[in-house]
Amino acid sequence: MMLLHTVYLHLQKHFTKAEHLWDIEVPGAHSISFKDGDTLFVSQVIGENVHEGGIIKCTGLQQESFLPPHACSYYAVAIGPDEEVVARNGTTNEIEIYSQLEKNKVFSWPLPAGKHKGLAVNKDGLIYMCDTSSHSVRVYHPTGDLIRVIQNSDMKSPHYLAVNHRGLVVTCMGDEPAVLYFDFEDQEDGEWEPDWEFGEFEWPSGVAIDDNNDIYVCDTEDKKVVMIAAGGDLTFDMVTEEMLGGKKPFAVAVYGNRLAVQLLDSDVVKLYELTS
């Protein structure tokens with residue numbers, strides 16, 4: 001019998017604790033994104049022990065192949081507002097968009113030359129993509145038209161990002177690794193200015209943002225997931241090294257009171273329930 005837990009969507013309090021629910025094992029796991037509190041999509045990349053990549057749909061403890069394994073590596077996956085599955089194919093350097101209902105490809109288009117990393121999709125279906133080579137975040141229409149290029153002098157080598165209805169958060173791996181937050185209401189045409197910057201990380205990797213505007217960052221080097229709240233004024237360890245079994249976190253996703261953490265150099269994704 002599948003074990004499903006209650007998922008709270010209307011958040012009022014800040015979460016302060018994470019209780020481990022279960023682990024799922026996906027060979028070549030690299031990126032994660034929730035459809036809802038019980039359904040998680042995991043992208044796969046080709047590696048030493050994984051000869052084909054694809055996208056796996058995990059519902060509770062059950063798994064099924066959403067995008068069948070083939071000779072491509074999928075380095076990022078995100079779920080859009082109409083439940084479309086958006087993925088970055090690192091082998092062909094393309095964005096691919098799939099209908100979740102029919103599992104067919106709706107759009108695909110090539111990315112420009114560059115070094116692309118994480119992606120996210122906003123409530124309007126726009127696709128945000130980190131381009132580390134140009135130190136920018138590029139925003140695309142689902143059809144591939146470039147809408148905007150977001151740049152800032154502090155945005156050095158952006159790697160991963162998350163977006164919600166209020167703002168954009170980016171993890172940067174320049175000479176001084178940092179997490180930058182941009183409130184959409186505070187931005188004007190031209191260079192965007194971060195509302196706050198948090199720089200106490202050696203290796204900030206995956207990042208997620210919830211409906212409370214609380215931010216979850218994988219502190220990969222220190223083996224923990226840090227929560228940043230109250231506009232950057234409050235931080236604490238939501239998931240500790242002990243809770244991760246001494247492994248390094250690499251990717252994180254949040255939906256309601258669900259938190260998922262994918263481990264670096266591991267096929268394991270850990271699921272947690274968040275409480276206040």
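Predicted model: local features only at pLDDT ≥ 70, side-chain atom pairs only at ≥ 80, totals over all residues.
Residues are numbered from 1 along each chain as its sequence is written, and side-chain values use heavy atoms, with hydrogens and water left out. Local features need pLDDT of at least 70 and side-chain atom pairs count only at pLDDT 80 or more, while totals for chains, interfaces and linings use all residues.

**Pockets and cavity**

On a 1 Å grid over the protein atoms alone, a cavity is a set of points where a 1.4 Å probe fits but cannot get out, whereas a pocket is an open set with protein on both sides within 12 Å along at least five of seven lines; lining residues have an atom within 4 Å of a point. Grid points are joined across faces, edges and corners, and a volume is the space filled by probe spheres set on the points.

The largest pocket holds about 1100 Å³ of space. Its lining has 42 residues, and Ser 33, Ile 79, Val 121, Val 163 and Val 254 lie nearest the centre. At least two lining residues come from each of β2 (29-36), β6 (74-79), β10 (116-121), β14 (158-163), β18 (204-209) and β22 (249-255). Strands here are DSSP runs (E, at least two residues), numbered from the N terminus. By class, this lining has 26 nonpolar, 10 polar and six charged residues. Ala, Val, Leu, Ile, Met, Phe, Trp, Tyr, Cys and Pro count as nonpolar, Asp, Glu, Lys and Arg as charged, and the others, Gly among them, as polar.

The second largest pocket holds about 260 Å³. Among its 15 lining residues, Gly 28, Ala 29, Asp 265, Ser 266 and Asp 267 lie nearest the centre. Strands β2 and β23 (258-263) each supply at least two residues of this lining, which divides into six nonpolar, six polar and three charged residues.

The structure holds one cavity of 30 Å³ or more. The largest cavity has a volume of about 60 Å³. β1 (17-25) and β3 (39-44) are the elements that give two or more residues to its lining. Residues lining the largest cavity include Trp 22, Phe 34, Cys 58, Arg 258 and Leu 271.

**Salt bridges**

Nine salt bridges are present in the structure; each is a side-chain nitrogen of Lys or Arg within 4 Å of a carboxyl oxygen of Asp or Glu. Three of them are listed here.

| Pair | Closest N to O |
|---|---|
| Lys 105 and Glu 96 | 4.0 Å |

Asp 23 lies in β1 and Lys 270 in β24 (residues 268-275), so their pair ties together parts 247 residues apart in sequence. Buried means under 20% relative accessible area, exposed over 50%, and partly exposed in between (1.4 Å probe, protein chains only). Lys 270 is buried at 11%, and Asp 23 is partly exposed at 33%. Glu 96 is buried at 3%, while Lys 105 is partly exposed at 41%.

**Two single residues**

Asp 183 is in strand β16 (residues 178-183). This residue is buried yet has no salt bridge, and the nearest side chain of opposite charge, Arg 166, is 5.0 Å away. Lys and Arg count as positive and Asp and Glu as negative, with His and the chain ends not counted. The Asp 183 side chain does reach the backbone nitrogen of Glu 185, at 2.9 Å.

Gly 80 is in the loop between β6 and β7 (85-89) and is buried at 11% relative accessibility. Its C-alpha atom is 8.7 Å from that of Ile 127, 47 residues apart along the chain.

Key. Helix = DSSP H or I, 4+ residues; strand = E, 2+ residues; numbered from the N terminus. Polar contact = N/O pair within 3.5 Å; in protein donor to acceptor, adjacent residues only side chain to side chain.
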